[in-house]
Amino acid sequence: MAINDLPMLAALRTKMQWHQERQKVLAENVSNSDTPNFRPKDLVEPKFDSAGQLTGPTAGGSLPMMMTSTSHLKPPGGTTTFSEDRRVGFQTRPAGNAVNLEDQMMKVSANQMDYAAATSLYSRSLGLLKTAIGKR
């Protein structure tokens, strides 16, 4: 087994890739802050079990069906309860744009710090493994 194939290192790599993609999405939100009727987007954070394997809807690569509006059809075989995420206290511009620059920049900053932490953990873990096998 290669060092890079260890579950913990694979989980950290996945986490770093997620932060890179999230940074792109957040940058798109900021760049479209003056676009009429633009709605900000965000990514769903990957979940890992104790062994470092992906769990939940992100593991299989497909997302579960969700009702995000009362006008959507209900899934077959039952009723679904849901609540709309109406953020109170955030401004919506008269043009219909729902991007709040302060909120987006806070997310960008938090994402950057989390990416730096994951990168640091990854490089330190590799260093410890190299020391353990005598390559350092």
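Predicted model: local features only at pLDDT ≥ 70, side-chain atom pairs only at ≥ 80, totals over all residues.
Figure 1. Of the 136 residues in the chain, 22% are buried. When contacts between residues at least 6 apart in sequence are considered, 61% of them join residues that are at least 24 apart.

**Figure 2. The packing of helix α1 with helix α2.** Two packed helices are described by the angle between their axes and by the distance between those axes. Here helix α1, which covers residues 7-31, packs with helix α2, which covers residues 101-132, at an angle of about 160°, and the two axes are 9 Å apart. Because angles over 145 degrees count as roughly antiparallel, α1 and α2 are described as roughly antiparallel to each other. The crossing in which α1 passes α2 is left-handed. Sorted by class, the residues in the contact of α1 with α2 comprise 15 nonpolar, 9 polar and 5 charged residues.

Figure 3. Asn111 belongs to helix α2, and its relative accessible area of 1% places Asn111 among the buried residues, because buried means under 20%. If neighbours within four places in sequence are left aside, Asn111 is in contact with Trp18, His19, Arg22, Gln23 and Leu26. One of these residues, His19, is 92 residues from Asn111 in sequence, while the C-alpha atoms of Asn111 and His19 are 6.3 Å apart in space.

Figure 4. Leu26, which is one of the residues in contact with Asn111, lies in helix α1. Leu26 is buried, and its relative accessible area is 0%. Not counting residues up to four places away in sequence, Leu26 touches Lys41, Asp42, Gln104, Lys107, Val108 and Asn111. For Leu26 and Asp42, the separation is 16 residues in sequence and 6.9 Å in space, taken from C-alpha to C-alpha.

Figure 5. The side chain of Lys15 is joined to the side chain of Glu45 by a polar contact of 2.2 Å. Apart from neighbours within four places in sequence, Lys15 is in contact with Glu45, Phe48 and Ala118.

**Figure 6. Asn37 in the loop between α1 and β1.** Asn37 is placed in the loop that runs between α1 and β1, the latter being residues 47-48. Although Asn37 is not a glycine, it has a positive phi of about 60°. Asn37 counts as exposed at 56% relative accessibility, because exposed means over 50%.

How values were computed:
Residues numbered from 1 in each chain as written. Heavy atoms only, no water. Axes fitted to C-alpha atoms, helices over the stretch in contact; angles between N-to-C directions. Helix = DSSP H or I, 4+ residues; strand = E, 2+ residues; numbered from the N terminus. Parallel < 35°, antiparallel > 145°, perpendicular 65-115°, else oblique. Left-handed = near helix turned anticlockwise from the far one by under 90°. Nonpolar A, V, L, I, M, F, W, Y, C, P; charged D, E, K, R; others polar. Buried < 20%, exposed > 50% of the residue type's maximum accessible area, 1.4 Å probe, protein only. Contact = heavy atoms within 4.5 Å. Polar contact = N/O pair within 3.5 Å; in protein donor to acceptor, adjacent residues only side chain to side chain.
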